Amino acid sequence: MLHEQKSFAPHPQGYGRLYVVATPIGNLQDISDRVRTVLGTVTIVAAEDTRQTQKLLNHLRLTTPLISFHMHSPPAVKSKLVERLKAGDDVALVSDAGTPAISDPGYALIEKCTQEGIAVIPVPGANAALTALVASGLPTDHFLFLGFLPRTASKKEEQLRALRHLPYTLILYEAPHRLKETLHLIVQIFGERKAVLARELTKVHEHFLRGTLHDLLDYVEQHEVRGELTLLIAPAPPAESREPWREENAYKKHLMKELVAEVEALRGLGIRLKEAVRIVGRLTGTDPKMLYRAYHGKTSED
Ligand code: SAM
């Protein structure tokens, strides 16, 4: 059945409105006049983390009451909010940062409101994915937002394999302590591809790393990466120009670099080169001769 929402007309049953309000992802100056007005005029703010949102309301000198609404809230909280909306209260939905319902709670409430004929009004603002995309230098005409990848390695791998030939810029969120492992897997599955790591967007330490997937992996292996991260991967090249052997070679080269680092670490412990090469070769199933050549800066193709 078709439902029509006239966002700013009085509701025939006197229902209130649900405002989906984006808040800054770091820089409080990104808050708009409209956000301030809405947060100041609704009856209640449903917040993912009331302490976090209280700070924002204090900053805006607003005293609107807060109610906690997060991923683990019991269903009764959603029902109570819907009841209040039907009784004529306006409710603002906010998450800790950025746009609610985007890798954040909110979807279930929004869906329920649309089913119940309650007007859902978007109040746009910051979103890490789009903020990263527009400054990444990667194609912006077609993109796919993935949010967080699955946690388990097998599901993560399955999803990445399904995505690797898509002609869209891929945008994903990742936690700093999982970045290295995720990048390893991506490099293994995607091969050589342009990529960008956007960190601490809109904050004082905002930082972009633009290069290839291998460049990013090298970087995260040598630096401790902290803060909030958004990773972007360039679209797959057209099928006719794809060269799987080149991707494979790039990954092999990367692995060899890591093994050479292991040899160097053993040398640092006073172990002779020949012995160090033999140990790493045996532990990793690598031909010691190849390892020896790599140690002296020669690739297997030299
Ligand atoms: N709803 C939010 C939005 O609209 O962007 C996203 C919430 S999600 C739980 C949080 C993730 O978004 C972080 O782990 C990080 O991957 C990404 N993120 C949030 N703020 C960021 C920032 N300032 N810089 C880079 N990435 C950010």
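The model you are looking at is a predicted one. Is S154 buried or exposed? Its relative accessibility is 53%, so S154 counts as exposed, the cut-off for that word being over 50%.

Now look at the helix around S154. Helix α6 covers residues 153-163, and its residues K156, L160 and L163 are buried. Viewed down the axis of α6, these buried residues fall within an arc of 60°, so they line one face of the helix. The other side of α6 carries exposed residues: S154, K155, E158 and A162. What do the buried residues of α6 pack against? Their partners are β6 (143-148), β7 (169-174) and α7 (176-190).

A pair of aromatic rings is described by the distance of the centres and the angle of the planes. Searching the whole structure turns up two aromatic pairs. In one of them, the rings of F145 and Y173 have centres 5.1 Å apart and planes at 70°, so this pair is edge-to-face; the angle needed for that label is over 60 degrees. F145 lies in strand β6 and Y173 in strand β7, so the pair ties together parts that are 28 residues apart in sequence.

Y173 has a relative accessibility of 9%, so Y173 counts as buried, as the limit for buried is under 20%. Together with F148, the residues F145 and Y173 form one aromatic cluster.

Y173 and F148 turn up again when we visit a pocket. The second largest pocket has a volume of about 500 Å³. It is lined by 23 residues, and those closest to its centre are A97, A128, F148, Y173 and E228. Which strands each supply at least two residues of this lining? Both β7 and β10 (229-233) do.

One last stop involves another aromatic ring, that of F208. Here R210 lies over the face of F208, at 4.7 Å from the ring centre.

Conventions:
Residues are numbered from 1 along each chain as its sequence is written. This is a predicted model: local features need pLDDT of at least 70, side-chain atom pairs count only at pLDDT 80 or more; totals for chains, interfaces and linings use all residues. Side-chain values use heavy atoms; hydrogens and water are left out. Buried means under 20% relative accessible area, exposed over 50%, partly exposed in between (1.4 Å probe, protein chains only). Helices (H or I, at least four residues) and strands (E, at least two) are DSSP runs, numbered from the N terminus. The arc is that of the directions from the helix axis to the C-beta atoms. Contact means heavy atoms within 4.5 Å. Rings of Phe, Tyr and Trp (its six-membered ring) pair if their centres lie within 6.5 Å; planes under 30 degrees apart count as stacked, over 60 as edge-to-face and the rest as tilted. A charge sits over a ring if NZ of Lys or CZ of Arg is within 6 Å of the ring centre and within 35 degrees of the ring normal. On a 1 Å grid over the protein atoms alone, a cavity is a set of points where a 1.4 Å probe fits but cannot get out, and a pocket is an open set with protein on both sides within 12 Å along at least five of seven lines; lining residues have an atom within 4 Å of a point. Grid points are joined across faces, edges and corners, and a volume is the space filled by probe spheres set on the points.
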